[in-house]
Amino acid sequence: MRVSVITFPGSNCDHDAYEVCERRGHATRMIWHKDSDLENPDLVILPGGFSYGDYLRCGALARFSPIVNEVLAFARKGGLVLGICNGFQILTETGLLPGALMMNRSLRFICQHQYLRVESAQSPFTNGLIPGTVLDIPIAHKEGNYFIDAEGLARLQDKDRIMFRYCDAHGMVNDAANPNGALDNIAGIVNDAGNVLGMMPHPERAATDSVCSNDGSHIFKAIELFIDGVA
Amino acid sequence: MLKAKIFVQLKPSVLDPQGKAVSNSLSHLGYDNVIETRISKYIEIRFDSADKEKTGADTEKICDSLLANPNTETYHFELEEI
């Protein structure tokens, strides 16, 4: 498949995402935020980092980068968009995903391995995965505390749009396993159409055998299965 | 010239861990009468304009499109002649 990774000023996980996609054999492009052409991708990745220094609110200023209009148009046509960490924050600021990422309840930047439970296989990003599967994928953020109003939360729950929840090693979803205070332990959600995923954990940091977890590769495999028909 | 003095506040339904931490510190300082602390943003914008009506409308648009996140925040502002 063809992957376009967007670089904003302050992105710092763009090369990790690029590297993983290249290694998996995909035609991968780095796209500068001032560009206006996504170069015909199957998948767009909005990577982690600190776009625009996190000024005002995380992701708020990246929304006005020229390439974001192209991402919005691509997503509205059904193109796959994966926002990781700061990419998730940008997606909520653009309105492609509901809710907001607030400051962690500990007020601290958290960088650690984290267990996630796959909640649904009903998305291009999780198809082929068995709900209940526990993945070990690292998190690294200070603003990952997902918030949405009660009505919005009910909609996410009712429409099976919560893809990942923070859990413990045994797949138990509870407050003790919640690293940042996220509502309903939410770690990742998709939009109504299912083609846009935002997640705080970093699958691109856990997708080769050279690091201590390779569980992030399950998400890339799911996308490959969806786009190419084979993982 | 006009100056917009803009306050962006978290909605009451949104938890404010920074405010909670400040409340804890105030309690350590001995202020046992503090019930709650909420942290807000204060933003000033200066406009090269004397037209209060247009500047007010512009400020509202600026708040809606950028300064406040409607999911979590509310805002209010006042205009001051400078």
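Biologist: Let me start with one residue: is Gly144(A) buried or exposed?
Modeller: Gly144(A) is buried, as 28 other C-beta atoms lie within 10 Å. A residue counts as buried with 20 or more other C-beta atoms within 10 Å of its own, as exposed with 12 or fewer, and as partly exposed in between, with C-beta atoms placed from the backbone. Before we go on, this is a predicted model, where local features need pLDDT of at least 70 and side-chain atom pairs count only at pLDDT 80 or more, while totals for chains, interfaces and linings use all residues. Residues are numbered from 1 along each chain as its sequence is written, and chains are lettered from A and ligands numbered from 1 in the order in which they are written.

Biologist: Thanks! Where is Gly144(A) found?
Modeller: Gly144(A) sits in the loop between strand E7 (134-141) and strand E8 (145-147) of chain A. Helices (H or I, at least four residues) and strands (E, at least two) are DSSP runs, numbered from the N terminus.

Biologist: And which residues does Gly144(A) touch?
Modeller: Leaving out residues up to four places away in sequence, Gly144(A) touches Leu101(A), Asn104(A), Ile139(A), Asn180(A), Ala182(A) and Met200(A). Two residues are in contact if their C-beta atoms, placed from the backbone, lie within 7 Å. Take Ala182(A): 38 residues separate it from Gly144(A) in sequence, yet C-alpha to C-alpha they are 7.0 Å apart in space.

Biologist: Let's zoom out. How many helices and strands does chain A have?
Modeller: Chain A has five helices and 11 strands. Of its 231 residues, 55% are buried.

Biologist: Which strands pair with E4(A)?
Modeller: Strand E3 (residues 43-46) of chain A runs parallel to E4(A), joined by four bridges, with Val44(A) opposite Val81(A). From E3(A) the chain crosses through helix H2 (residues 66-76) to E4(A) in a right-handed β-α-β crossover. Right-handed means that, with the strands pointing away from the viewer, the path from the first strand over the helix to the second runs clockwise. Strand E11 (residues 196-199) of chain A also pairs with E4(A) in the parallel sense, over four bridges, and there Leu82(A) stands opposite Leu197(A). Two strands pair if DSSP finds at least two bridges between them.

Biologist: On to H1(A). Which of its residues are buried?
Modeller: In helix H1 (residues 14-23) of chain A they are Asp14(A), Ala17(A), Tyr18(A), Val20(A) and Cys21(A). These buried residues fall within an arc of 165° seen down the helix axis, so they line one face of H1(A). That arc is taken from the directions from the helix axis to the C-beta atoms.

Biologist: What covers that buried side?
Modeller: The cover for the buried residues of H1(A) includes strand E1 (2-7), strand E2 (27-32), E3 and helix H5 (217-228) of chain A.

Biologist: What about phi of Asn40(A)?
Modeller: Asn40(A) is not a glycine, and its phi is positive, near 55°. Most residues other than glycine have a negative phi. Asn40(A) lies in the loop between E2 and E3 of chain A and is exposed, with 11 other C-beta atoms within 10 Å.

Biologist: Last topic, chain B. What pattern does chain B follow?
Modeller: Along the sequence, chain B reads β-α-β-α-β. The radius of gyration of chain B is 16 Å, well over the 12 Å that the globule rule gives for 82 residues, so chain B is more spread out than a compact globule. Of those 82 residues, 17% count as buried.

Biologist: How many residues of chain A are in contact with chain B?
Modeller: 10 residues of chain A are in contact with nine residues of chain B.

Notes:
The radius of gyration is taken over C-alpha atoms; the globule rule is 2.2 Å times the number of residues to the power 0.38.
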